Amino acid sequence: MHPIFYMKHNPFKYYIYLFISMFLWGGSFVLTKHLVIDFNPITINFTRCVIASTIFAVFCMIVYKKEFKIAKKDLKYFIGMAFFEPFIYFLFETYSLKYCDASMVSVIIATIPLFVALMAVFMFKEKLSKLNFFGIALSISGIVIMLWHNFMDAQFSFYIFLAFGAVFSTIGYNYFLRKIPTTYSPIVVITWQNILGAIAFLPLVFLVNDSETFVYQYYALADIQNLSFLLILSIFCSTIAFMLYIGAMRILGLARTNIFTNLIPVMTAMIAFYILKEEITSYKILGMVIVIAGIFLVQYKRKVST
């Protein structure tokens with residue numbers, strides 16, 4: 001790891017890092033929900049990756065120099081990681097945001113630890129207690145409560161299904177991320193993640209956009225709010241938030257850092273209320289509380305039982 005990342009291990013500082021990450025990721029749903037009004041989801045994700053990779057690739061080449069290069073034996077892990085996230089993950093998440101409330105999508109995304117826990121049981125034969133399974137069932141019931149009034153809408157149900165596709169893509173992402181040696185700095189890993197993601201999105205940009213759409217989106221990009229939202233997504237949400245999260249995880253451990261993901265839907269709901277004027281219904285509030293309680297039960301009990 002580069003000397004710039006050597007710091008005294010003050011736990012409070014890393015908890016602040018996690019809080020900032022959750023705020024940025026929670027806000028990313030709201031910013032993306034706004035951008036899909038004027039931009040194709042593919043264009044948003046491609047532009048997001050290009051901006052992030054360009055800025056931080058220049059930084060890494062100056063600061064890290066030879067350390068920025070990927071060893072041939074590790075290239076397949078970087079490609080696999082980028083395929084699942086940002087490519088697959090962002091495709092599912094952005095298209096679901098186009099037709100669903102940002103707060104609802106964020107709650108579904110927040111169930112990632114539940115499915116990771118189930119994967120650990122069936123693939124790696126880890127044991128879960130009855131309370132662990134109760135937590136999983138509790139969270140699923142919370143999602144049902146949130147979406148109850150929308151289940152009869154076939155189109156809505158399809159885009160909710162896409163949100164769950166984003167959830168499942170993180171299983172592949174975490175598999176390949178764990179294969180990447182920790183000798184690579186977090187900023188190097190995330191920068192290559194965005195570079196490879198931009199390459200993957202490039203062919204789709206020309207498939208889904210015609211000349212008229214390109215012109216419209218070009219003028220939409222001139223809007224200061226659209227431009228600022230894209231810059232925030234690219235620099236802060238796609239890069240800095242990941243750097244802070246990975247740095248905190250390496251110091252605090254996976255169990256402690258994962259608990260903070262429970263804050264994402266809360267952040268999203270609050271930000272969406274002020275920016276998008278999304279209604280906070282009693283069903284949403286009850287569903288969020290139940291989902292977060294279930295996630296906490298699963299993670300807390302798994303941490304204690306190990």
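**View 1. Tyr219 and Tyr218, an exposed ring pair.** Tyr219 is exposed, at 61% relative accessible area. Exposed means over 50%, buried under 20%, and partly exposed in between, using a 1.4 Å probe and protein chains only. Tyr218 also counts as exposed, with 59% relative accessibility.

The model is predicted: local features need pLDDT of at least 70, side-chain atom pairs count only at pLDDT 80 or more, and totals for chains, interfaces and linings use all residues. Residues are numbered from 1 along each chain as its sequence is written, and side-chain values use heavy atoms, with hydrogens and water left out.

View 2. The structure holds 14 aromatic pairs. The ring centres of Trp25 and Phe242 are 5.1 Å apart and their planes stand at 65°, so this pair is edge-to-face. Rings of Phe, Tyr and Trp (its six-membered ring) pair if their centres lie within 6.5 Å; planes under 30 degrees apart count as stacked, over 60 as edge-to-face, and the rest as tilted. Trp25 sits in helix α1 (residues 11–35) and Phe242 in helix α10 (residues 224–252), so the pair ties together parts 217 residues apart in sequence. Helices are DSSP runs (H or I, at least four residues), numbered from the N terminus. Trp25 and Phe242 are both buried.

**View 3. A cluster of aromatic rings.** Ring pairs join Phe83, Phe84, Phe87, Tyr175, Phe176 and Phe201 into a cluster.

**View 4. Ser103 in helix α4.** Ser103 belongs to helix α4, residues 102–109. Its relative accessibility is 2%, so Ser103 counts as buried. Its side chain makes a polar contact with the side chain of Glu278, at 3.2 Å. A polar contact is a pair of N or O atoms within 3.5 Å; within protein, one must be able to donate a hydrogen and the other to accept it, and residues adjacent in sequence count only if both atoms are side-chain atoms. Not counting residues up to four places away in sequence, Ser103 touches Met146, Thr268, Ala269, Glu278, Lys284 and Met288. Contact means heavy atoms within 4.5 Å.

**View 5. Thr170 in helix α7.** Helix α7 (residues 154–179) holds Thr170. Thr170 counts as buried, at 4% relative accessibility. A polar atom of its side chain lies 2.5 Å from the backbone oxygen of Val167. Leaving aside neighbours within four places in sequence, Thr170 is in contact with Glu85, Tyr89 and Ile112.

**View 6. Phe273 in helix α12.** Phe273 is found in helix α12. Phe273 is partly exposed, with 40% relative accessible area.

Methods
Helix = DSSP H or I, 4+ residues; strand = E, 2+ residues; numbered from the N terminus.
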